[in-house]
Amino acid sequence: MRNFAKCLIALEASGAKPSTGSTVAAFPIPEKLRPQLTTLMGNAGFRALFSRALALAKMEVPWLRAIQVNDEGVLQGWEELHSQPGPDMFLEGRVVLAAQLLGLLVAFIGEKLTVRLVMEVWPKLSLKDLNLHEGE
Amino acid sequence: MNKRTKPDKKKLPTNTMRQPAKVVIRKLPTGVRGLDDILGGGIPEFSLNIIAGTPGCGKTTLAHQIIFANATEQRPALYFTVLGEPSMKMLRYQQQYSFFDEAKLGKAIRFINLSDAALARDLNAVFDEITKQVTAINPGIVVVDSFRTVVRKAIGGESELEMQSFIQRLAQFLTSWEATTFLVGEYVPEEIRDNPLFTIADGLFWLSQLVERNSVVRKLQIIKSRGHDSVPGLHTVRISDDGMQAFSRTLGYVNKKKANSAQGRRLSIGIPELDIMMGGGLVEGDSLLVAGPSGTGKSALATQFIAAGLRQGEPGVMAIFEERPPGYLDRADNFGLNLKTSVQKGMLEILYLRPLDLSVDETMQEILNAIEKIGAKRLVIDSLVGFEMALAPGFRTDFRESLYRMIGALTGAGVTILSTVEVEDTFTALSFSHYTISFLTDDIIRMRYVEIDGQLRKVIVVIKMRGGNHSKDIREYVITDEGVVVIHPRQSDYTKLSTGLPERIGQREEAAPEPKAAT
């Protein structure tokens, strides 16, 4: 899932303004998937899934422990961070969280439907670049 | 409007005024094998339908099958999920079915969750969300699953009147937007009378699970089908990897064209003397019952009947219940009847049916499928006792009725049927069958044992031929390496042959057909 997540982050970065701060916009993958997933499973459903992804990501990336998912399904708690993570650590957090969210989707609805859903948000995504089974 | 019927001016006489045409209601295929037949062609376009039943009956599967069969990018399907099964789980499970085409998701089929509106306990919010999505997407099909959850949750803060108003508004809106609608919900039969939803609905699909001892069978009833005919009664449904399949009580033969068989053509049964006894053979399209105790050669006779058809180029189906196909084919070999080649050539289908948990309708559907597949002209059911025993106990009560329907349907379509039935010989009477099914057969042949001169010999008699006159003789027969062979009329006269304990009248004129053991 890491490759999948990295691929989406790269795709997103290529078309977006550079963002360095620890803001919601710094996590564009879940944010862009949110309307799609909320339509499918409701706000409560998305919040539950995203919270699970965050909980799993926190095991790998300690600095994410200060972050929570609020009632709207948006990440919050940036002010709780005592020190801003460095760019590499920050990127790692983005990759891990996105990978966990994608991983949960794959676990529930399978690769085909997950890719299909993701491609509705990022139509330029190429299946060739995904290498779903590498870097899991 | 999607399709309008334009008047064909060329066909109108110039001096007459064209009468306004009545509306032609297009019917949507359900995607469920057998269900379109039950519905009289499909689901009327723009109708409002309820798919109801208890949990686990297949309501969601049915709704999914309908949308996958009909949704296109131009006329998508909107599937509103509410507080019932979460969409993720629904997608997780439904994609296991072969009808699930993930390429349709997103553009042709869209899942939209209404939980937030329903949780707000506000029917107006639910209505607004549905109308917003329908207006934006212009769907051909709308499903709300579960609609009962919408109403139950929302009614907490609404009056009964407001709920009725909501249903009315929703029905009017969806019909006006030319959407065929399915409201899925868990209901019990007692609700039909009082729930206004059932009054408004055009179609009502009722799914249930019936339990009989250890067997469970799913049933479907079309309780309401406004504006068109459907097949009444409870139809068996089965859910497999391919989704739902329905088995019409009419076995799909209601609208089938009658076969153009030659009027009264006689078919050889494969035993020349027996053909003569039957007045020239079996009338094509008849149902013949061959009754007799174990070992009298009923299966041999049935095999000869099929083989005679194959020699005439008539494909056949043998549904056997008591013996495995290899044994059946080997015995045919022993009679000099090579059925294996016919099986290989696709002229003969041997069905070995031990369904155990299948309903009688499903079993009969297997037979019908085989008949349609090879265009069979002759069918053997060997035997009715085995057929009944192979069914789960709960289905045996329907056996006679279902058999009646199947035989009626098949003979009506020109298939000639030979069924065997085992009867126990008594030495006081000549019974034909303990099934009391002789009413559904045109012709009856009885085989039985008789004790003559210290031997248990076999006799055969044609009891009934609906198609005409027949021999009344009780004839002796033997089973040789040619199968059942009816012996040339005997000169020795006996009385009380039908009791099995005959008395010879006069002198013995000939030796026993099969010699007695040497003393």
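Helix α13 of chain B goes past helix α15 of chain B in a right-handed crossing (the near helix is turned clockwise from the far one by less than a right angle). Heads up: this is a predicted model, where local features need pLDDT of at least 70, side-chain atom pairs count only at pLDDT 80 or more, and totals for chains, interfaces and linings use all residues. Residues are numbered from 1 along each chain as its sequence is written, with chains lettered from A and ligands numbered from 1 in the order in which they are written.

Q: How is α13(B) oriented relative to α15(B): roughly parallel or roughly antiparallel?
A: Residues 360-374 and 399-412 of chain B form these helices, and they pack at about 20 degrees with axes 10 Å apart. Angles under 35 degrees count as roughly parallel and over 145 as roughly antiparallel. So α13(B) and α15(B) are roughly parallel.

Q: Which strands are the edge strands of the open sheet in chain B?
A: The sheet has 9 strands with mixed pairing, in the order β5-β4-β6-β7-β3-β8-β9-β10-β11. Strands pair if DSSP finds at least two bridges between them. Each edge strand pairs on one side only, and those strands are β5 (109-113) and β11 (243-247) of chain B.

Q: What is the bridge partner of Gln221(B) in β10(B)?
A: Strands β9 (residues 215-225) and β10 (residues 234-240) of chain B run antiparallel, joined by 4 bridges. In β10(B), Gln221(B) is partnered with Leu234(B).

Conventions
Axes are lines fitted to C-alpha atoms, for helices over the stretch in contact, and angles run from 0 to 180 degrees between N-to-C directions. Helices (H or I, at least four residues) and strands (E, at least two) are DSSP runs, numbered from the N terminus. Angles under 35 degrees count as roughly parallel, over 145 as roughly antiparallel, 65 to 115 as roughly perpendicular and the rest as oblique.
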